[in-house]
Amino acid sequence: LLLFLITIVSVYGISDYQEHQRRRQQQQQLDTSNYRIGTGVADITGPVAEVMMMGYAQTGQTGQGLLQRIYARAFIIESKDRKQRICFVNTDTQSMGDIIKKRVIERLKGLYGESLYTEKNVMLSSTHSHSGMGGYIQHLLYEISALGYIEETNKPMVEGIVNAISRAHQKLQKGNVVVKRGELLDTNISRSPQAYLLNPEEERAQYKYDVDKDMTMLSFLNSGGDGLGVLSWFPVHGVSVNNTNRLINGDNKGYAAYAAEKHFNPDSLPGKGQFVAAFAQANEGDVSPNTFGAYCTGTDIPCDGTKETKCPGTSTCNGRGPGWKVSDLESNRIIGQNQADMAIKLYNDHSSNIMSVGGPIDYRQKYWDISTVVIQRENGTTASLCPPAMVNTAGTTDGPALSGFYQNTTDGNIFWDLLSSIYQPASKEQKECQSPKPILLDTGEQKIAYDWQPKIIDVQLLRVGNLFIAGVPSELTTMSGRRLRKSIKQGLIKNGLGNNDTIVIQSGPANGYASYCTTYEEYQMQRYEGASTPYGPHTLEAYMQVFDELVVSMAKGEPITDSKELPDYTSETFNWTPGYGPDRAPLHRHFGDVLCDVANKTTFNRKKKDIVSVRFVAGNPRNNVKLDDTFLTVEQKQPDGSWKVVRTDDDYDTKFHWSYKFKALGISQATIEWTLSDNVEPGIYRIGYFGDHKVILTKKIESHQGYSKEFTVQ
């Protein structure tokens with residue numbers, strides 16, 4: 001025993017050994033339910049070049065490289081009798097495609113059989129980043145914004161999600177799930193406070209803030225008390241990186257995961273560690289990370305996107321993040337780091353009020369026709385939802401859209417009517433149903449092509465003991481999320497599944513995308529969120545009603561019997577993404593050759609935050625998206641002369657830029673940048689580039705690589 005203790009202390013150190021023992025003792029004291037749990041992470045990064053980004057619908061915002069990779073992070077919880085399990089997957093995407101989920105389930109059934117992982121017990125929820133590649137939603141309106149349904153995006157996304165789930169499946173082991181909650185300030189604000197104030201005063205009085213400030217987190221601990229991962233929810237839009245960005249990344253929640261996983265996996269490269277940290281999205285519909293408020297660009301004039309606060313000249317109304325004086329990337333880092341720091345703090349919270357989840361695993365899921373719902377109220381009155389329609393041309397203070405359009409608009413104008421007349425105009429019934437929305441795009445009554453917006457959507461409720469996760473494809477505003485959570489909890493208590501300690505989490509956009517959902521009161525103002533609530537003013541009530549159906553079904557132990565069939569339009573879709581041909585190297589050059597090496601000086605100063613830059617002869621990165629791989633490395637020379645990789649293309653201080661030099665000839669270049677900082681260890685380094693090119697005659701894809709000269713960091 002003494003020899004064993006000496007060995008443990010020598011390997012782990014005294015403090016690490018004490019921490020390990022403390023966690024083991026804590027685990028023994030907790031009321032563990034002996035779940036089997038597993039966590040996994042995998043790369044889902046698609047084409048980083050020439051494909052439209054998804055989120056801002058900004059014309060010309062195509063990828064030109066990579067800031068950070070985007071990931072899927074999977075969490076599996078199985079009951080102790082191994083008869084029931086759920087799988088929650090968090091993706092660094094704007095939303096989730098319903099066909100992506102369908103394909104993921106098909107792949108999982110091929111791997112694990114028909115019943116282990118299905119559309120009913122697997123939830124795919126997104127972080128709502130606006131800086132990932134688009135083309136994974138099958139409905140026409142969203143395809144137009146991304147220039148099509150793009151299999152180049154879909155295939156690596158499906159493969160990566162399946163990989164994440166498979167890795168979690170392979171790591172399944174006995175463990176425990178602990179729920180923690182903490183208040184996180186200076187990280188989100190309301191971008192539509194005027195609309196929020198339309199909610200009843202007595203309802204608003206129940207809450208301290210006009211946005212939710214609590215982070216709710218699940219810690220996944222194995223039977224020895226060691227951490228396998230954390231899964232947190234906190235509402236804040238993925239728009240810290242603005243609409244001028246051209247580098248793929250996961251926005252603030254992607255950075256939060258990167259920072260947290262670096263903390264928990266200090267000796268691993270990004271995405272390669274055993275500890276998985278996911279930062280899921282909640283009711284972020286009206287919630288902005290631009291915590292300094294909105295101002296007219298180039299001025300200190302406050303604005304809110306309305307005609308009354310119209311900005312002078314060509315100035316636009318834009319939100320400012322906490323690092324706005326430096327850059328939007330600095331704001332992104334701060335908002336992401338805030339979330340990571342809170343997750344780390346909660347994980348290390350050893351107070352006695354930790355709640356250990358125990359009890360049954362269950363789930364209900366339904367494909368639901370939201371556009372034809374009739375709401376049956378307890379007082380006998382009814383209300384109907386509408387075929388979808390939109391008025392989202394004004395954009396938000398997080399990303400202004402078309403000039404001449406404003407938020408808080410309930411009346412059209414001549415230009416408005418001209419635009420709407422290009423498409424099939426809204427019927428009288430549709431106008432009455434959607435009132436006071438001045439319909440610009442009557443997406444639900446269009447006869448052109450296939451559905452412009454979804455009518456059949458995926459709603460889902462997962463249960464882990466006294467914890468329930470509601471997956472919603474819409475972006476719920478703050479009060480919408482609060483009402484839905486409250487309604488579900490009341491239903492759980494009424495039907496004997498819950499009590500006052502029951503925790504309900506609303507997650508999404510999940511399992512698809514159905515734009516926004518405001519409260520009835522907020523809808524009347526027609527700010528961006530109300531204008532982008534497709535199914536009319538009673539949408540939230542419909543969600544509350546359908547989740548009550550899921551609760552009742554779960555309480556009775558009965559299956560959902562009226563689920564619709566999910567349509568698949570992918571055989572009818574289009575793809576306007578530009579094609580690309582073979583690659584060519586410039587005359588007397590080879591792929592991977594250095595075109596412009598590090599600066600003439602061979603010594604760089606980390607304290608001055610010098611930028612090291614190298615340019616290479618490249619191939620189009622669409623030739624190989626390099627799942628779980630990298631386009632670049634920063635390598636440090638070791639005492640024995642070998643090289644150690646210390647940075648990849650997923651590190652926040654590196655950037656991978658790609659562009660054509662002569663597109664007609666297929667000649668392109670890749671520029672790699674590394675921004676130094678105090679946390680860089682002094683030493684000798686080199687930068688590596690790894691690409692692929694398409695051979696002219698054979699069309700075969702071949703790999704290539706190149707390295708900079710050595711340089712010194714001091």
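This is a predicted model: local features need pLDDT of at least 70, side-chain atom pairs count only at pLDDT 80 or more; totals for chains, interfaces and linings use all residues.
T91 is buried, with a relative accessible area of 0%.

Step back to the whole chain. The protein has 15 helices and 36 strands. Its radius of gyration is 26 Å. A compact globule of 714 residues would have a value near 27 Å, so the two agree. Along the principal axes, the C-alpha trace spans about 80 × 70 × 55 Å.

Burial comes next. Of the 714 residues, 59% are buried. The accessible surface comes to about 28500 Å². Carbon and sulfur atoms account for 50% of that surface. Contacts reach across the sequence. Take those between residues at least 6 apart: 76% of them join residues at least 24 apart. Charge can be summed up briefly. There are 75 positive and 80 negative side chains. The centres of the two sets lie 4 Å apart.

Now to the annotated site. An unreviewed UniProt entry places the feature "active site" at S288. S288 lies in strand β13, residues 287-288. Is this residue buried or exposed? Its relative accessibility is 1%, and the cut-off for burial is under 20%, so S288 counts as buried. Which residues are in contact with S288, leaving aside neighbours within four places in sequence? They are T187, N188, I189, R191, V236 and D398.

K272 and G40 are 232 residues apart along the chain. Their C-alpha atoms are separated by 9.9 Å.

D251 has a positive phi of about 55 degrees, although it is not a glycine. Most residues other than glycine have a negative phi. D251 is buried, with a relative accessible area of 1%.

K699 also has a positive phi, of about 65 degrees, and is not a glycine. Its setting is a loop, between β34 (683-694) and β35 (701-707). Where D251 is buried, K699 is partly exposed, with a relative accessible area of 48%.

Peptide bonds deserve a look too. Most peptide bonds are trans. A cis bond joins S435 and P436, with omega at about 10 degrees. P436 lies in the loop between α11 (428-434) and β22 (456-464). Another cis bond joins G508 and P509, again with omega of about 10 degrees. P509 is in the loop between β25 (503-507) and β26 (516-517).

Further along comes helix α15, residues 539-556. E541 is in this helix. It is partly exposed, with a relative accessible area of 25%. Setting aside neighbours within four places in sequence, E541 is in contact with I375 and R377.

An unreviewed UniProt entry gives residues 547-713 the annotation "domain: Neutral/alkaline non-lysosomal ceramidase C-terminal". What is the helix and strand content of this span? It is 6% helix and 39% strand. The end C-alpha atoms of residues 547-713 lie 57 Å apart. K699, with its positive phi of about 65 degrees, is on the loop between β34 and β35.

How values were computed
Residues are numbered from 1 along each chain as its sequence is written. Side-chain values use heavy atoms; hydrogens and water are left out. Helices (H or I, at least four residues) and strands (E, at least two) are DSSP runs, numbered from the N terminus. The radius of gyration is taken over C-alpha atoms; the globule rule is 2.2 Å times the number of residues to the power 0.38. Buried means under 20% relative accessible area, exposed over 50%, partly exposed in between (1.4 Å probe, protein chains only). Contact means heavy atoms within 4.5 Å. Accessible areas come from the Shrake-Rupley method with a 1.4 Å probe; for residues, only the protein chains shown count as cover. Lys and Arg count as positive and Asp and Glu as negative; His and the chain ends are not counted. The place of a charge is taken as NZ of Lys, CZ of Arg, CG of Asp or CD of Glu. UniProt positions are given in the numbering used here, feature names are shortened, and annotations may be inferred rather than shown by experiment.
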